[in-house]
Amino acid sequence: MMNTDQLKKFAHDWISAWNSHDLDRILEHYTDDFEITTPMIKIAMGVETGTLKGKESIREYWSIALNKIPDLHFDLQEVTAGVGTVALYYKSVLDKMSVEVMFINEDGKIYKVLAHYSE
């Protein structure tokens, strides 16, 4: 389990990776079999559950997203800690605010994400 300083560093590294648009750098934060659930998957991919699993399928989804939104930029607002989780509150795409709850394993890698967006 990460301490507060480690979680803040992790959050800033994660935001920086996304803002770099470097998909390999982004994916370094995740396990090979991680799972993400977000309304954006339902909207962009038509997947009714809003869930994708595994780096390769998520790589494809994020590659499409990064190409569609070339000026993507996240602005971190807050980092909160839970038991085996971290929740990041940040300004996301389309001026939406987002909360992502990330489940982190003992190696400091994300294995599950639940993303939430403001209307």
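Strand S5 (residues 97–104) and strand S6 pair in the antiparallel sense over 7 bridges. Helices (H or I, at least four residues) and strands (E, at least two) are DSSP runs, numbered from the N terminus. Two strands count as paired if DSSP finds at least two bridges between them. The model is predicted, so local features need pLDDT of at least 70 and side-chain atom pairs count only at pLDDT 80 or more, while totals for chains, interfaces and linings use all residues. Residues are numbered from 1 along each chain as its sequence is written, and side-chain values use heavy atoms, with hydrogens and water left out.

S5 and S6 form a hairpin with 5 residues between them. Gly-108 lies in the turn and has a positive phi of about 80 degrees. Ile-104 has Ile-110 in S6 as its bridge partner.

S3 pairs with strand S4 (residues 85–91) in the antiparallel sense, over 6 bridges. Here Asp-75 has Lys-91 in S4 as its bridge partner. S1 and S6 (residues 110–117) pair in the parallel sense over 4 bridges. In S6, Lys-112 stands opposite Glu-35.

Glu-35 is found in strand S1. This residue is partly exposed, with a relative accessible area of 24%. Buried means under 20% relative accessible area, exposed over 50%, and partly exposed in between (1.4 Å probe, protein chains only). Leaving aside neighbours within four places in sequence, Glu-35 is in contact with Thr-51, Leu-52, Lys-53, Tyr-111, Lys-112 and Val-113. Contact means heavy atoms within 4.5 Å. Glu-35 and Asp-5 are 30 residues apart in sequence and 25 Å apart in space, C-alpha to C-alpha.

Thr-38 lies in the loop between S1 and helix H3 (39–45). At 3% relative accessibility, Thr-38 counts as buried. Not counting residues up to four places away in sequence, Thr-38 touches Gly-50, Tyr-61, Ala-115 and Tyr-117.

The largest nonpolar core has 32 residues. Such a core is a set of buried Ala, Val, Leu, Ile, Met, Phe, Trp, Tyr and Cys residues joined through side-chain atoms within 4.5 Å. Trp-14, Trp-18, Tyr-30, Trp-62 and Leu-88 touch the most other members. Helix H1 (residues 4–20) provides the largest share of this core, 7 residues. With residues up to four places away in sequence not counted, Trp-18 touches Ile-26, Tyr-30, Trp-62, Leu-66, Leu-72 and Phe-74.

The largest pocket is lined by 22 residues. A pocket, on a 1 Å grid over the protein atoms alone, is an open set of points where a 1.4 Å probe fits, with protein on both sides within 12 Å along at least five of seven lines; lining residues have an atom within 4 Å of a point. Met-40, Tyr-61, Ala-65, Ile-69 and Val-93 lie nearest the centre of the largest pocket. H1, H3 and H4 each supply at least two residues of the lining. H4 gives the most, with 5 residues.
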